[in-house]
Amino acid sequence: MSITDPSHPMYVPEENREIARERAKAYVEMVSDYLEIRDTIPTGFNQQEQIQMNRKRILKVLGGNEREWDDWNWHFKNAIRDTAILSKIIQLTDEELQEIEKTGTQYRWSISPYFASLMDPEDRDCPIRKQVVPTILEYLDKKEIEDPYAIIYNSPAPLITRLYADRLIINATNICSVFCRHCLRKKDIDTVDRIYPKDEMKAALQYIKDSPEIRDVLITGGDALILSDDYLDWILSELEKIPHIEIMRLGSRMIATLPQRVTPELCEMLSRHNPVYLNTQFNHPKEITPEAQNAVDRLIRSGVLVGNQSVLLKGINNDKNVMKKLVHELLRIRVRPYYIFNCKKLQGIRHFRAPIADGLNIMENLRGYTSGLAVPTFIITAPEGKGKTPLAPTYLLNINRNGKVLFRTWGGYVCEYEDEIPGENAG
Ligand code: SF4
């Protein structure tokens with residue numbers, strides 16, 4: 001039977017098709033502002049010409065070669081921490097150089113050559129540059145941390161942070177491949193590199209052994225992938241010996257900032273430890289590059305699922321179209337958008353804070369306007385370490401006493417829904 005046959009179950013009369021076409025036009029109209037600009041938003045794929053030029057220039061400045069560029073240890077050893085080198089990579093005025101020096105006396109800074117290659121050398125508003133090049137705003141922020149309790153009352157054992165019943169964090173190191181200017185852990189970054197040794201790790205593992213309700217452990221830092229493959233293998237193996245541990249997670253920004261770290265050896269080791277999840281942090285579509293895509297491919301082939309936790313950052317991604325492009329690019333490289341964090345009120349990062357209304361506006365423009373798979377949860381971390389709390393636009397308008405639910409749809413229609421359950425309210 002043909003689909004044009006009126007008795008076919010999928011048959012649609014032509015006049016109804018016309019209604020559907022009009023509806024489709026209305027849907028497209030709703031996203032027309034995004035469609036107009038989506039191809040102009042810079043990504044790590046459409047900026048390849050400039051990134052390759054930057055890479056050549058950086059290799060020349062640092063005296064490296066193409067083979068070394070693929071070696072994460074080379075990037076680590078040659079991390080840019082010096083204004084004389086930085087000024088050969090991006091344009092800096094004398095005033096900016098002085099400001100970086102001054103801020104550097106208070107907060108250290110470090111940029112992997114790979115991440116530096118994503119910066120526009122001429123654009124002061126480049127979203128990559130803003131994340132890693134210090135500004136005087138950090139130095140000038142002398143207001144104390146507004147919520148010190150979140151830090152000091154949530155560590156029941158060395159290296160452990162615990163905010164929930166069934167999961168906790170092991171803070172294994174304070175080292176990262178870049179020191180993000182918006183980092184929540186700015187104080188832990190400190191001035192000295194630390195990888196906490198096995199002795200200290202054993203106390204953390206003992207606490208987990210003694211806590212049978214813990215089923216999920218996040219190893220982070222700093223950056224979990226700073227640990228050597230052997231040390232990470234040891235921690236994962238020790239966790240696997242604990243019968244109540246069901247899943248292990250790694251917190252690493254290196255997928256975005258130094259994807260060369262995802263070596264075949266690392267992946268082989270991780271593949272022996274199922275299930276391992278990895279949460280990373282891409283904040284702008286410019287960070288989604290072919291190298292990042294390859295790193296994610298290797299992780300997925302090793303059985304590691306990758307999720308993304310962005311931070312809402314003023315002047316970087318507090319824009320509905322930039323964030324929509326970011327979540328689309330993430331899905332293209334098989335990373336699931338997971339959270340958007342509201343930036344906290346910590347000393348030295350306050351200037352990155354965007355209004356919560358910006359986060360809600362982004363969520364309003366994602367839900368329904370794009371695939372549900374692309375929609376992360378917008379999170380505010382409650383004061384005093386009381387945990388991540390989702391914030392979302394309001395869709396529920398009313399639940400009245402007659403079992404009717406009043407709500408609005410993503411497209412703005414107000415609907416009433418009979419919430420009747422068969423068998424209930426009978427008689
Ligand atoms: S990678 Fe993570 S922990 Fe390290 S500086 Fe950036 S935000 Fe902080």
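In this predicted model, E287 and R253 form a salt bridge whose closest N and O atoms are 3.0 Å apart. The pair links distant parts of the chain, with E287 in the loop between β5 and α17 (290–301) and R253 in the loop between β4 and α15 (254–257), 34 residues apart. Both E287 and R253 are buried.

Salt bridges come to a count of 28. One of them joins R108 to D193, with the closest N and O atoms 2.8 Å apart. Because R108 lies in the loop between α7 (94–104) and α8 (113–116) and D193 in the loop between α12 (186–189) and α13 (198–209), the pair ties together parts that are 85 residues apart in sequence. R215 and E246 form another salt bridge, at 3.0 Å between the closest N and O atoms. R215 counts as partly exposed at 25% relative accessibility, and E246 is partly exposed at 47%. Through shared partners, D166, R167, R215 and E246 are joined into one network of salt bridges.

Turning to the sheet, 9 strands run in the order β1-β2-β3-β4-β5-β6-β7-β8-β9, forming an open sheet with mixed pairing. Its edge strands are β1 (160–161) and β9 (387–391). Strands β4 (residues 247–251) and β5 (residues 276–280) pair in the parallel sense over 4 bridges, and here G251 has N279 of β5 as its bridge partner. The side chain of N279 in turn makes a polar contact of 3.1 Å with the side chain of Q309, a residue of strand β6 (residues 305–312).

How values were computed:
Residues numbered from 1 in each chain as written. Predicted model: local features only at pLDDT ≥ 70, side-chain atom pairs only at ≥ 80, totals over all residues. Heavy atoms only, no water. Pairing = 2+ DSSP bridges. Helix = DSSP H or I, 4+ residues; strand = E, 2+ residues; numbered from the N terminus. Polar contact = N/O pair within 3.5 Å; in protein donor to acceptor, adjacent residues only side chain to side chain. Salt bridge = Lys/Arg side-chain N within 4 Å of Asp/Glu carboxyl O. Buried < 20%, exposed > 50% of the residue type's maximum accessible area, 1.4 Å probe, protein only.
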